[in-house]
Amino acid sequence: MEPLAVPVNSHNEWDPLEEIVVGRLDGATIPSRHPVVTCNVPPWAGRLLGLAAGFKYPSVLIERAQQELDEFIALLRSFDVTVRQPDPVDHRRRFGTPHWSSRGFCNTCPRDSLLVIGDEIIETPMVWPCRYFETHSYRPILKDYFRRGARWTSAPKPQLTDELFVPGFRAARSGEPVRHILTEFEPVFDAADFVRAGRDLFVTRSNVTNRTGIEWLRRHLGPGYRIHEIDSRCRTPMHIDTTFVLLAPGKALVNPEYIDVDHLPDVLKSWDILIAPEPDPIDDRLLRITSMCGKWLSMNVLMLDEKRVIAERHHTGMLRALERWGFEPVPGDLLHYAPFGGSFHCATLDIRRRGTLESYFD
(Lines give C-alpha, C1' and ligand atoms only; values in the text may rest on other atoms or scores of the structure.)
Protein backbone atom coordinates (compact mmCIF):
# COMPACT_ATOMS: atom_id res chain seq x y z
CA MET A 1 0.00 0.00 0.00
CA GLU A 2 1.35 3.44 -0.91
CA PRO A 3 1.75 5.93 1.97
CA LEU A 4 -1.25 8.23 2.34
CA ALA A 5 -0.93 11.87 1.29
CA VAL A 6 -2.41 13.08 4.60
CA PRO A 7 0.49 13.63 7.05
CA VAL A 8 -1.42 12.24 10.04
CA ASN A 9 -2.84 8.72 9.80
CA SER A 10 -2.84 6.41 12.82
CA HIS A 11 -5.77 4.20 13.80
CA ASN A 12 -4.25 1.63 16.12
CA GLU A 13 -1.10 0.63 18.01
CA TRP A 14 0.35 -1.82 15.48
CA ASP A 15 0.08 -0.80 11.81
CA PRO A 16 3.52 -0.30 10.16
CA LEU A 17 5.08 2.81 11.70
CA GLU A 18 6.17 5.61 9.33
CA GLU A 19 6.38 8.82 11.37
CA ILE A 20 6.59 9.56 15.08
CA VAL A 21 7.08 12.44 17.51
CA VAL A 22 9.64 11.80 20.25
CA GLY A 23 9.88 13.81 23.47
CA ARG A 24 12.70 16.15 24.48
CA LEU A 25 14.64 16.39 27.75
CA ASP A 26 15.93 19.96 27.37
CA GLY A 27 14.80 22.20 30.22
CA ALA A 28 13.11 19.42 32.23
CA THR A 29 12.03 20.87 35.58
CA ILE A 30 10.88 19.14 38.76
CA PRO A 31 7.07 19.61 38.77
CA SER A 32 5.38 22.14 41.03
CA ARG A 33 3.70 20.69 44.09
CA HIS A 34 -0.08 20.16 43.81
CA PRO A 35 -2.39 17.50 45.30
CA VAL A 36 -3.01 15.95 41.87
CA VAL A 37 0.76 15.52 41.42
CA THR A 38 1.64 14.31 44.91
CA CYS A 39 -1.26 11.82 45.10
CA ASN A 40 0.55 9.62 42.60
CA VAL A 41 3.95 9.55 44.33
CA PRO A 42 5.12 8.24 47.74
CA PRO A 43 4.75 10.69 50.67
CA TRP A 44 8.52 11.30 50.88
CA ALA A 45 8.56 12.21 47.19
CA GLY A 46 5.67 14.62 47.73
CA ARG A 47 7.63 16.37 50.47
CA LEU A 48 10.66 16.55 48.17
CA LEU A 49 8.53 18.25 45.50
CA GLY A 50 7.81 21.01 47.98
CA LEU A 51 11.54 21.69 48.31
CA ALA A 52 12.78 21.06 44.76
CA ALA A 53 9.83 22.20 42.61
CA GLY A 54 10.86 24.58 39.86
CA PHE A 55 14.49 23.47 39.80
CA LYS A 56 16.00 21.73 36.80
CA TYR A 57 16.53 18.00 37.05
CA PRO A 58 20.08 17.10 38.15
CA SER A 59 22.52 16.69 35.26
CA VAL A 60 23.36 13.14 36.40
CA LEU A 61 19.79 12.13 35.51
CA ILE A 62 19.58 14.19 32.32
CA GLU A 63 22.85 12.95 30.80
CA ARG A 64 22.10 9.24 31.17
CA ALA A 65 18.58 9.65 29.84
CA GLN A 66 19.73 11.84 26.93
CA GLN A 67 22.25 9.24 25.76
CA GLU A 68 19.55 6.57 25.72
CA LEU A 69 17.08 8.90 23.99
CA ASP A 70 19.60 9.67 21.23
CA GLU A 71 20.17 5.95 20.71
CA PHE A 72 16.43 5.31 20.63
CA ILE A 73 15.93 7.98 17.95
CA ALA A 74 18.77 6.43 15.92
CA LEU A 75 17.10 3.03 16.30
CA LEU A 76 13.80 4.37 14.98
CA ARG A 77 15.53 5.99 12.01
CA SER A 78 17.30 2.71 11.24
CA PHE A 79 13.81 1.31 10.57
CA ASP A 80 13.10 4.24 8.16
CA VAL A 81 10.78 5.96 10.65
CA THR A 82 10.62 9.76 10.36
CA VAL A 83 11.28 11.33 13.78
CA ARG A 84 10.22 14.81 14.87
CA GLN A 85 10.70 16.54 18.25
CA PRO A 86 9.09 19.52 20.00
CA ASP A 87 10.83 22.84 20.56
CA PRO A 88 12.98 23.18 23.70
CA VAL A 89 11.29 25.13 26.51
CA ASP A 90 12.44 26.85 29.70
CA HIS A 91 10.06 25.08 32.06
CA ARG A 92 11.23 27.18 35.04
CA ARG A 93 9.17 30.14 33.81
CA ARG A 94 6.05 30.79 35.87
CA PHE A 95 2.64 31.01 34.22
CA GLY A 96 -0.93 31.09 35.45
CA THR A 97 -4.63 31.67 35.01
CA PRO A 98 -6.98 33.85 37.10
CA HIS A 99 -7.22 30.90 39.55
CA TRP A 100 -3.67 29.62 40.05
CA SER A 101 -0.02 29.83 38.97
CA SER A 102 2.67 27.22 38.39
CA ARG A 103 5.98 26.49 36.77
CA GLY A 104 6.28 23.87 34.05
CA PHE A 105 7.50 20.29 33.97
CA CYS A 106 8.94 18.90 30.73
CA ASN A 107 7.95 17.80 27.23
CA THR A 108 9.36 14.28 27.43
CA CYS A 109 6.06 12.44 26.87
CA PRO A 110 3.98 13.58 23.87
CA ARG A 111 1.77 10.52 24.45
CA ASP A 112 0.11 12.33 27.37
CA SER A 113 -0.93 15.66 25.87
CA LEU A 114 -1.82 14.66 22.28
CA LEU A 115 -4.17 11.96 21.02
CA VAL A 116 -4.11 10.83 17.38
CA ILE A 117 -7.35 9.38 16.00
CA GLY A 118 -7.04 8.75 12.26
CA ASP A 119 -6.13 12.05 10.60
CA GLU A 120 -7.00 14.11 13.71
CA ILE A 121 -4.72 15.30 16.51
CA ILE A 122 -6.52 16.22 19.74
CA GLU A 123 -4.88 18.38 22.41
CA THR A 124 -6.03 16.90 25.70
CA PRO A 125 -7.34 18.79 28.79
CA MET A 126 -4.54 17.82 31.17
CA VAL A 127 -5.08 18.06 34.91
CA TRP A 128 -1.54 18.71 36.21
CA PRO A 129 -1.26 22.52 36.38
CA CYS A 130 2.45 22.33 35.53
CA ARG A 131 1.51 20.74 32.17
CA TYR A 132 -1.22 23.26 31.25
CA PHE A 133 0.65 24.76 28.29
CA GLU A 134 2.78 21.74 27.41
CA THR A 135 1.36 21.38 23.91
CA HIS A 136 2.70 24.84 22.98
CA SER A 137 6.13 23.28 22.43
CA TYR A 138 4.53 21.06 19.76
CA ARG A 139 2.73 23.91 17.99
CA PRO A 140 5.22 24.24 15.06
CA ILE A 141 4.71 20.52 14.34
CA LEU A 142 0.92 20.76 14.75
CA LYS A 143 0.71 23.78 12.44
CA ASP A 144 2.74 21.96 9.82
CA TYR A 145 0.46 18.92 9.94
CA PHE A 146 -2.62 21.17 9.79
CA ARG A 147 -1.34 23.06 6.74
CA ARG A 148 -0.74 19.72 5.02
CA GLY A 149 -4.29 18.50 5.59
CA ALA A 150 -4.56 17.02 9.09
CA ARG A 151 -7.40 17.87 11.45
CA TRP A 152 -6.37 19.66 14.66
CA THR A 153 -8.67 19.90 17.68
CA SER A 154 -8.27 21.09 21.25
CA ALA A 155 -10.51 19.84 24.03
CA PRO A 156 -11.90 22.55 26.36
CA LYS A 157 -9.14 24.00 28.54
CA PRO A 158 -10.00 23.10 32.16
CA GLN A 159 -10.22 25.69 34.93
CA LEU A 160 -8.41 23.38 37.42
CA THR A 161 -10.06 25.05 40.41
CA ASP A 162 -10.55 23.37 43.79
CA GLU A 163 -13.95 22.03 42.71
CA LEU A 164 -12.18 19.50 40.47
CA PHE A 165 -10.30 17.83 43.33
CA VAL A 166 -11.53 15.80 46.30
CA PRO A 167 -10.53 17.77 49.42
CA GLY A 168 -8.11 15.99 51.75
CA PHE A 169 -7.70 13.16 49.25
CA ARG A 170 -5.77 10.07 50.33
CA ALA A 171 -4.90 7.22 47.98
CA ALA A 172 -6.35 3.82 48.88
CA ARG A 173 -4.28 1.56 51.08
CA SER A 174 -3.85 -2.15 50.41
CA GLY A 175 -7.20 -3.93 50.58
CA GLU A 176 -9.24 -0.73 50.23
CA PRO A 177 -11.31 0.11 47.12
CA VAL A 178 -9.52 2.28 44.57
CA ARG A 179 -10.16 6.00 45.01
CA HIS A 180 -9.68 8.87 42.56
CA ILE A 181 -8.78 12.47 43.36
CA LEU A 182 -10.89 13.92 40.55
CA THR A 183 -14.51 15.00 40.77
CA GLU A 184 -16.73 15.42 37.69
CA PHE A 185 -16.57 19.23 37.82
CA GLU A 186 -15.27 19.46 34.23
CA PRO A 187 -13.84 17.14 31.56
CA VAL A 188 -10.17 16.25 31.98
CA PHE A 189 -8.09 13.43 30.52
CA ASP A 190 -4.58 12.47 29.48
CA ALA A 191 -4.25 10.82 26.07
CA ALA A 192 -2.06 8.13 27.67
CA ASP A 193 -5.13 6.72 29.44
CA PHE A 194 -6.40 5.55 26.02
CA VAL A 195 -5.21 2.90 23.57
CA ARG A 196 -6.66 2.43 20.09
CA ALA A 197 -7.86 -0.54 18.08
CA GLY A 198 -9.48 1.04 15.05
CA ARG A 199 -13.11 1.86 15.83
CA ASP A 200 -12.65 0.74 19.45
CA LEU A 201 -10.74 2.57 22.16
CA PHE A 202 -9.94 1.34 25.65
CA VAL A 203 -9.54 3.67 28.63
CA THR A 204 -8.75 3.56 32.34
CA ARG A 205 -10.34 6.09 34.67
CA SER A 206 -7.48 7.49 36.74
CA ASN A 207 -6.12 10.37 38.77
CA VAL A 208 -5.74 12.36 35.53
CA THR A 209 -8.83 11.15 33.62
CA ASN A 210 -12.39 11.43 34.91
CA ARG A 211 -15.70 10.06 33.62
CA THR A 212 -16.64 13.47 32.23
CA GLY A 213 -13.43 13.52 30.17
CA ILE A 214 -14.18 10.05 28.82
CA GLU A 215 -17.71 11.18 27.92
CA TRP A 216 -16.38 14.31 26.17
CA LEU A 217 -14.20 12.16 23.92
CA ARG A 218 -17.03 9.68 23.30
CA ARG A 219 -19.33 12.47 22.09
CA HIS A 220 -16.57 14.15 20.10
CA LEU A 221 -15.72 10.96 18.18
CA GLY A 222 -19.38 10.16 17.59
CA PRO A 223 -21.17 6.88 16.79
CA GLY A 224 -18.40 5.61 14.53
CA TYR A 225 -16.28 4.77 17.59
CA ARG A 226 -16.80 2.83 20.83
CA ILE A 227 -14.95 3.50 24.10
CA HIS A 228 -14.60 0.65 26.60
CA GLU A 229 -13.48 1.17 30.19
CA ILE A 230 -10.83 -1.08 31.73
CA ASP A 231 -11.07 -1.32 35.53
CA SER A 232 -7.71 -0.93 37.24
CA ARG A 233 -6.83 -2.06 40.76
CA CYS A 234 -3.80 0.26 40.85
CA ARG A 235 -3.97 2.40 44.02
CA THR A 236 -2.40 5.35 42.16
CA PRO A 237 -3.90 4.97 38.67
CA MET A 238 -2.36 7.10 35.94
CA HIS A 239 -2.06 6.05 32.27
CA ILE A 240 -3.10 2.76 30.71
CA ASP A 241 0.17 1.76 29.05
CA THR A 242 1.55 -0.06 32.09
CA THR A 243 -1.82 -1.73 32.70
CA PHE A 244 -3.37 -2.79 29.38
CA VAL A 245 -1.41 -2.76 26.12
CA LEU A 246 -2.65 -3.61 22.62
CA LEU A 247 0.06 -5.47 20.70
CA ALA A 248 -1.61 -6.72 17.50
CA PRO A 249 -5.05 -7.72 16.22
CA GLY A 250 -6.35 -10.30 18.68
CA LYS A 251 -3.54 -9.88 21.24
CA ALA A 252 -3.54 -7.73 24.38
CA LEU A 253 -0.96 -7.58 27.16
CA VAL A 254 -2.29 -7.14 30.71
CA ASN A 255 -0.78 -6.34 34.09
CA PRO A 256 -1.76 -9.17 36.48
CA GLU A 257 -1.37 -6.89 39.51
CA TYR A 258 -3.77 -4.22 38.20
CA ILE A 259 -6.20 -6.19 36.00
CA ASP A 260 -8.73 -8.90 36.80
CA VAL A 261 -8.83 -10.76 33.47
CA ASP A 262 -12.25 -12.19 34.34
CA HIS A 263 -13.73 -8.69 34.30
CA LEU A 264 -12.38 -7.33 31.03
CA PRO A 265 -14.90 -5.86 28.56
CA ASP A 266 -16.90 -8.53 26.72
CA VAL A 267 -15.52 -7.45 23.31
CA LEU A 268 -12.14 -8.91 24.35
CA LYS A 269 -13.45 -12.43 24.95
CA SER A 270 -12.23 -13.61 21.52
CA TRP A 271 -8.77 -12.08 21.99
CA ASP A 272 -5.63 -13.69 23.39
CA ILE A 273 -5.01 -12.08 26.78
CA LEU A 274 -1.28 -12.25 27.47
CA ILE A 275 -0.18 -11.97 31.11
CA ALA A 276 2.88 -9.75 31.57
CA PRO A 277 5.77 -11.47 33.38
CA GLU A 278 7.10 -10.05 36.65
CA PRO A 279 9.47 -7.18 35.74
CA ASP A 280 13.18 -7.67 36.25
CA PRO A 281 14.38 -5.83 39.39
CA ILE A 282 16.20 -2.51 39.01
CA ASP A 283 19.53 -2.53 40.83
CA ASP A 284 20.30 1.16 40.33
CA ARG A 285 19.25 2.78 43.64
CA LEU A 286 19.13 6.32 42.22
CA LEU A 287 16.87 5.13 39.41
CA ARG A 288 14.56 3.32 41.84
CA ILE A 289 14.25 6.46 43.95
CA THR A 290 13.65 8.92 41.10
CA SER A 291 11.40 6.87 38.80
CA MET A 292 7.89 8.30 38.42
CA CYS A 293 6.47 5.15 36.86
CA GLY A 294 6.74 2.05 39.04
CA LYS A 295 8.09 -1.38 38.19
CA TRP A 296 5.59 -2.20 35.43
CA LEU A 297 7.26 0.17 32.97
CA SER A 298 8.48 -3.11 31.44
CA MET A 299 5.11 -3.17 29.62
CA ASN A 300 5.69 0.23 28.01
CA VAL A 301 6.60 -1.11 24.56
CA LEU A 302 6.30 0.42 21.10
CA MET A 303 5.03 -1.61 18.14
CA LEU A 304 6.85 -1.06 14.83
CA ASP A 305 4.27 -3.30 13.15
CA GLU A 306 2.23 -6.40 14.03
CA LYS A 307 5.38 -8.45 14.74
CA ARG A 308 8.29 -6.17 15.63
CA VAL A 309 8.19 -4.53 19.05
CA ILE A 310 10.72 -2.26 20.76
CA ALA A 311 11.08 -3.28 24.41
CA GLU A 312 13.50 -2.48 27.22
CA ARG A 313 16.72 -4.50 27.02
CA HIS A 314 16.93 -4.74 30.82
CA HIS A 315 13.62 -6.59 31.11
CA THR A 316 14.74 -9.95 29.75
CA GLY A 317 11.62 -11.69 31.07
CA MET A 318 9.44 -9.46 28.90
CA LEU A 319 11.69 -9.97 25.85
CA ARG A 320 11.47 -13.76 26.22
CA ALA A 321 7.70 -13.64 26.74
CA LEU A 322 7.18 -11.53 23.60
CA GLU A 323 9.24 -14.02 21.64
CA ARG A 324 7.15 -16.95 22.95
CA TRP A 325 3.99 -15.13 21.89
CA GLY A 326 5.20 -14.89 18.28
CA PHE A 327 6.60 -11.35 18.25
CA GLU A 328 10.04 -10.17 17.19
CA PRO A 329 11.39 -8.09 20.09
CA VAL A 330 13.83 -5.30 19.27
CA PRO A 331 15.84 -4.59 22.46
CA GLY A 332 16.34 -0.91 23.23
CA ASP A 333 17.57 1.22 26.11
CA LEU A 334 15.40 3.84 27.77
CA LEU A 335 15.62 2.75 31.40
CA HIS A 336 16.88 6.14 32.60
CA TYR A 337 13.94 7.99 31.04
CA ALA A 338 11.72 6.80 33.93
CA PRO A 339 12.37 9.87 36.15
CA PHE A 340 10.86 11.97 33.33
CA GLY A 341 7.66 10.01 32.93
CA GLY A 342 8.00 6.80 30.96
CA SER A 343 9.60 4.57 28.38
CA PHE A 344 9.16 3.77 24.67
CA HIS A 345 5.38 4.21 24.46
CA CYS A 346 5.18 7.22 26.78
CA ALA A 347 8.08 8.97 25.07
CA THR A 348 6.46 8.83 21.63
CA LEU A 349 3.38 9.76 19.63
CA ASP A 350 2.84 7.72 16.49
CA ILE A 351 1.73 10.18 13.82
CA ARG A 352 1.55 8.02 10.72
CA ARG A 353 1.04 4.28 10.44
CA ARG A 354 0.41 2.61 7.10
CA GLY A 355 -3.15 1.35 7.42
CA THR A 356 -6.85 2.17 7.31
CA LEU A 357 -9.68 2.46 9.82
CA GLU A 358 -11.05 -0.99 10.65
CA SER A 359 -13.17 -2.69 13.27
CA TYR A 360 -11.51 -5.63 15.05
CA PHE A 361 -14.48 -6.72 17.18
CA ASP A 362 -17.46 -7.08 14.80
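This is a predicted model: local features need pLDDT of at least 70, side-chain atom pairs count only at pLDDT 80 or more; totals for chains, interfaces and linings use all residues.
Strand β15 spans residues 308–312 and β16 spans residues 328–332. The two strands pair in the parallel sense, over 5 bridges. Between them the chain passes through helix α8, residues 316–324. This β-α-β crossover is right-handed.

**The aromatic pair Phe95 and Phe133.** An angle over 60 degrees is what counts as edge-to-face. Phe95 belongs to strand β3 (residues 95–96). Phe133 sits in the loop between β6 (120–123) and α5 (139–147). The pair therefore ties together parts that are 38 residues apart in sequence. Phe133 has 32% relative accessibility, so Phe133 counts as partly exposed.

**An aromatic cluster with Trp, Phe and Tyr members.** One cluster is formed by Trp14, Phe202, Phe244, Trp271, Tyr360 and Phe361. Trp14 and Trp271 are among its members.

**Arg84 over the ring of Tyr145.** Arg84 lies over the face of Tyr145. The distance to the ring centre is 5.2 Å.

**Lys157 over the ring of Tyr132.** Here a lysine, Lys157, lies over the face of Tyr132. Lys157 is 4.4 Å from the ring centre.

Conventions
Residues are numbered from 1 along each chain as its sequence is written. Side-chain values use heavy atoms; hydrogens and water are left out. Two strands pair if DSSP finds at least two bridges between them. Helices (H or I, at least four residues) and strands (E, at least two) are DSSP runs, numbered from the N terminus. A crossover is right-handed if, with the strands pointing away from the viewer, the path from the first strand over the helix to the second runs clockwise. Buried means under 20% relative accessible area, exposed over 50%, partly exposed in between (1.4 Å probe, protein chains only). Rings of Phe, Tyr and Trp (its six-membered ring) pair if their centres lie within 6.5 Å; planes under 30 degrees apart count as stacked, over 60 as edge-to-face and the rest as tilted. A charge sits over a ring if NZ of Lys or CZ of Arg is within 6 Å of the ring centre and within 35 degrees of the ring normal.
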